[in-house]
Amino acid sequence: MLSQEQIQSYDDNGYILVENAITPEQLSMLRTRTLELIDESRPVTESNDVFDLDEGHGPNNPRLTRIKLPHKVDPMFWDVIRSSAMTEVLRDLLGDNVTLQTSKLNTKAPGGGMAVEWHQDWAFYPATNDSMLAIGLMLEDVDLENGPLQVIPGSHKGPVLSHMGPGGRFCGAVDPSDPDFDLDKAVTLTGKAGSMTVHHVRMLHGSAPNTSDRARLICFYECAAADAWPLAGGSSYIHKLTQEELWQDMQERMIFGEPTLTPRLEANPVRLCLPPAPTGGSIFKTQKTGGARSAFAKQPVAAE
Ligand SMILES: O=C(O)CCC(=O)C(=O)O
């Protein structure tokens, strides 16, 4: 459970860091399973529904940017969000009815694993209100060398920046020269394995390439109050479901509490992510093919 100071700090700054978010047993199980999954990706030659491959991936050198939807790949990733300190943090920050928007395990490979360019999650999936956040559960120690998450405190109360690329398509990243992007204020979130970061859906955040010889394993759980309904035109898979499938999906994604059919409407700035990048499927593909300018390399992200 969070203290009043921690809740206030989240409200003011848009992020918090919490240590020991899961037990040592849970950490060990999740870490072992993650390393097994990376190993299982060896024969895979193209990104698919589970693995997003990084440059240089091959049978002798498994390199992933991401394991997609880990809570669907192995139930232990679902169980842990429903029965750990993370569960109580969600209750403190989002209320009694909380749903999982999506999950992803960004494995940032050793020796150059890709940067995630600066962006706001809100640009990918705006909703009727912004009671939404991402938990970043560290399954490996995260330090300055292996590409830690960086955030800009207070940016969750600012505008939603343009995430359009030079070709006029959504590129999933802000332009580093945008006057509303104040990189000087960035804070870097490092921590021991088992710690978690929490950042607000409108928070500007990104992370540099992994220059270390260790993978940077962070499992992101993107969560929402049940009354934050996705807006049509967002990039979530939800829009591809039939009404019957959506109804089923809503029940299955509840972390605790009940879904609701009465969305809460708030006046927040919104930009929809259309037209989409030439290739989507992960933020890495969207940023590359949409032509995102890099704040880390000071040059465009190389196209695949
Ligand atoms: O992996 C990271 O450092 C950031 C991930 C992220 O922001 C995203 O996937 O949307």
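Which residues does Val-198 touch, not counting residues up to four places away in sequence? I found Tyr-10, Tyr-15, Ile-16, Val-18, Val-89, Leu-93, Leu-133 and Ile-135. Contact here puts the two C-beta atoms, placed from the backbone, within 7 Å.

**Ground rules.** I am reading a predicted model, in which local features need pLDDT of at least 70, side-chain atom pairs count only at pLDDT 80 or more, and totals for chains, interfaces and linings use all residues. Residues are numbered from 1 along each chain as its sequence is written.

**Confidence.** I looked up pLDDT, the predictor's confidence in each residue from 0 to 100. The protein averages 95, and 98% of the residues score at least 70. Residues 299–304 stay under 50, and I noted 12 contacts for them beyond four places in sequence.

**Cores.** Next came the nonpolar cores, meaning sets of buried Ala, Val, Leu, Ile, Met, Phe, Trp, Tyr and Cys residues joined through C-beta atoms within 7 Å. "Buried" asks for 20 or more other C-beta atoms within 10 Å of a residue's own, with C-beta atoms placed from the backbone; 12 or fewer is exposed, and in between is partly exposed. The largest core has 69 residues, of which Leu-133, Ile-135, Leu-137, Val-198 and Cys-223 touch the most other members. E11 gives the most to this core, with 7 residues. I also saw a second, separate core of 6 residues, including Met-114 and Phe-284.

**Strand E11.** Strands are DSSP runs of at least two residues, numbered from the N terminus. I found 8 of the 8 residues of E11 buried. Ile-218, Phe-220, Glu-222 and Ala-224 point one way, while Cys-219, Tyr-221, Cys-223 and Ala-225 point the other way. Two strands pair if DSSP finds at least two bridges between them. E11 pairs with E4 in the antiparallel sense over 8 bridges, with Cys-219 as the partner of Leu-105. E6 also runs antiparallel to E11, joined by 7 bridges, and there Leu-133 stands opposite Cys-223.

**Met-138.** Why does Met-138 count as buried? Because it has 27 C-beta neighbours inside 10 Å. Met-138 lies in E6 (residues 132–138) and touches Ile-218, among others.

Ile-218 and Phe-220 are among the surrounding residues, as are Lys-104, Asp-121 and His-205. Strands E4 (98–106), E10 (205–207) and E11 (218–225) each give two or more residues.

Methods
A residue is near a molecule or strand if its C-beta atom, placed from the backbone, lies within 6 Å of it. Helices (H or I, at least four residues) and strands (E, at least two) are DSSP runs, numbered from the N terminus.
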